[in-house]
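Have the sequence and the coordinates open as you read.

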Amino acid sequence: MRWGDSMGLLRVGRVGVAVAAAGAVLVGCMPWQGEEPQDKKDTGVAAAAKASAAAAGQAALLKTRLAAAAKVHANELGQIPVLMYHRVVDKPATQDDRTPQQFRTELERLAREDYVPITAAEYVTGRIDIPAGRHPVVLTFDDSSPSQFDLDGMGAPKPQTAVAILQEVAQRHPGFRPVATFYVTRDMFGKTTPEEQAQMLMWLRDKGFDIGNHTRDHQSLRGKPEKQVSSEVAAGHELITKLLNANPVTLALPYGNQPTKKEWGRKGAAGDVSYDYGGVFLAGYTPAMSPFNKKFDPDGIPRIRSMDKTGDCVKFCSTAWLDWLKANGDERYTSDGDAKTVAFPKFKTPFVVKRYTDRVLAY
């Protein structure tokens, strides 16, 4: 080998060593096959820690909610009194009438015993938003009597009407909502012109009251063919929508009489008018079931006639049933204070309506 050739090999050898060394450096900087870069590892660890912390927070929150529900003995699958009133007059002429003092006394009792009024629409749709430990009550008024509601020249409820008395009691008992549901007919609080009738309904709606259908002519639906039932209900529905531009959510059957097929009252159509109600109310005579309970029947919701323990009301009217609910508090609907959950003792789980299972808080 000539000297020049040896120098060339030396140069090549040195270059090879350099390249090999550089390769070694590069290989040392690359992750092993299948291994993530360190920055990705750090991000994954941080995400896992964050998810773990979130899960721990959710678990702690659930534990707190369960403890709070248990503390107040929440039972949102329990029974709810739906009270039925007619006229509120100084001299009762029928067993359905109440004097202003009798009405006031019953409202005062409800307030003392931690009841909070909700509307029939709120009840049947499950929008029961009341404080923890309180119990819902639905106040309903049939036949749209002037004794229930009338306005003076300044737009205030006239004294001794049911609405005025309800507002007075609510002022004395913070948290006792002055709301109720009025089941109206063509009598419409004694007003005869569309303007006066619209004025009455708009005032009630704007104050949080609920307007329900009681049919236009208050004729019994028992034994009538489906077409006639639909016509009667649709006429009452249209009476309200033309005055208020809003659909009623519930129907109260005249005299509490169900049609041959009870679902005819809840859903139907006549002419251009169709209706599909969240609930249909009867005239008696027990507390109603929670809308979250499988025993709830939207086609026939019972109400309780307001009356003292006399005659046939010894067991089946408001005083008697309020006494029973007080003595049997575990049967009564008691709120956990969160309208987004349905809270109850765990052993009652089989009674939850399926569509509410994602809101269950069973302790």
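Predicted model: local features only at pLDDT ≥ 70, side-chain atom pairs only at ≥ 80, totals over all residues.

**The disulfide**

Let's start with the cysteines. The structure has 1 disulfide, and it joins cysteine 313 to cysteine 317, with the sulfur atoms 2.0 Å apart. In general, a disulfide is a covalent bond between the sulfur atoms of two cysteines. What is the handedness of the disulfide between cysteine 313 and cysteine 317? The torsion about its S-S bond is about -45°, so this disulfide is left-handed. As for where the two partners sit, both cysteine 313 and cysteine 317 are buried.

**Aromatic pairs**

On to the rings. There are 16 aromatic pairs in the structure. One of them puts tyrosine 85 against phenylalanine 103 in an edge-to-face arrangement, with 5.0 Å between centres and 85° between the planes. This pair links distant parts of the chain: tyrosine 85 belongs to strand 2 (residues 82–85), phenylalanine 103 to helix 3 (residues 100–112), and the two are 18 residues apart. Tyrosine 85 and phenylalanine 103 are both buried.

Another edge-to-face pair is made by tyrosine 123 and phenylalanine 296, at 5.8 Å centre to centre and again 85° between the planes. Here too the pair ties together distant parts of the chain, 173 residues apart: tyrosine 123 lies in helix 4 (residues 120–124), while phenylalanine 296 sits in the loop between strand 11 (288–289) and strand 12 (304–305). Phenylalanine 296 comes in at 13% relative accessibility, and it counts as buried because the limit is under 20%.

**Pockets and a cavity**

| Space | Volume | Lining residues by class |
|---|---|---|
| Largest pocket | about 280 Å³ | 7 nonpolar, 6 polar, 6 charged |
| Second largest pocket | about 190 Å³ | 3 nonpolar, 4 polar, 4 charged |
| Largest cavity | about 30 Å³ | 4 nonpolar, 2 polar, 3 charged |

The largest pocket, at about 280 Å³, is lined by 19 residues, and the closest to its centre are Met84, His86, Asp96, Ala283 and Arg305. Around the second largest pocket, the lining includes Asn75, Leu77, Gly78 and Gln79, along with Met289, Asn293, Lys295, Asp330, Glu331, Lys348 and Phe351.

How many cavities of 30 Å³ or more are there? The count comes to 1. Among the residues lining the largest cavity are Glu76, Gly126, Ile128, Phe292 and Tyr333, as well as Asp338, Ala339, Thr341 and Arg359.

**A loop residue**

Last stop: alanine 246, in the loop between helix 7 (226–244) and strand 7 (250–252). Its relative accessibility is 29%, so alanine 246 counts as partly exposed. Leaving out residues up to four places away in sequence, alanine 246 touches Ile240 and Thr241. Arginine 205 is 41 residues away from alanine 246 in sequence, with 9.9 Å between them in space, C-alpha to C-alpha.

Conventions: Residues numbered from 1 in each chain as written. Heavy atoms only, no water. Disulfide = S-S within 2.5 Å. Buried < 20%, exposed > 50% of the residue type's maximum accessible area, 1.4 Å probe, protein only. Phe/Tyr/Trp six-rings, centres within 6.5 Å; stacked < 30°, edge-to-face > 60°. Helix = DSSP H or I, 4+ residues; strand = E, 2+ residues; numbered from the N terminus. 1 Å grid on protein atoms, 1.4 Å probe; cavity = no way out; pocket = protein on both sides within 12 Å on 5 of 7 lines; lining within 4 Å. Points joined across faces, edges and corners; volume = space filled by probe spheres on them. Nonpolar A, V, L, I, M, F, W, Y, C, P; charged D, E, K, R; others polar. Contact = heavy atoms within 4.5 Å.
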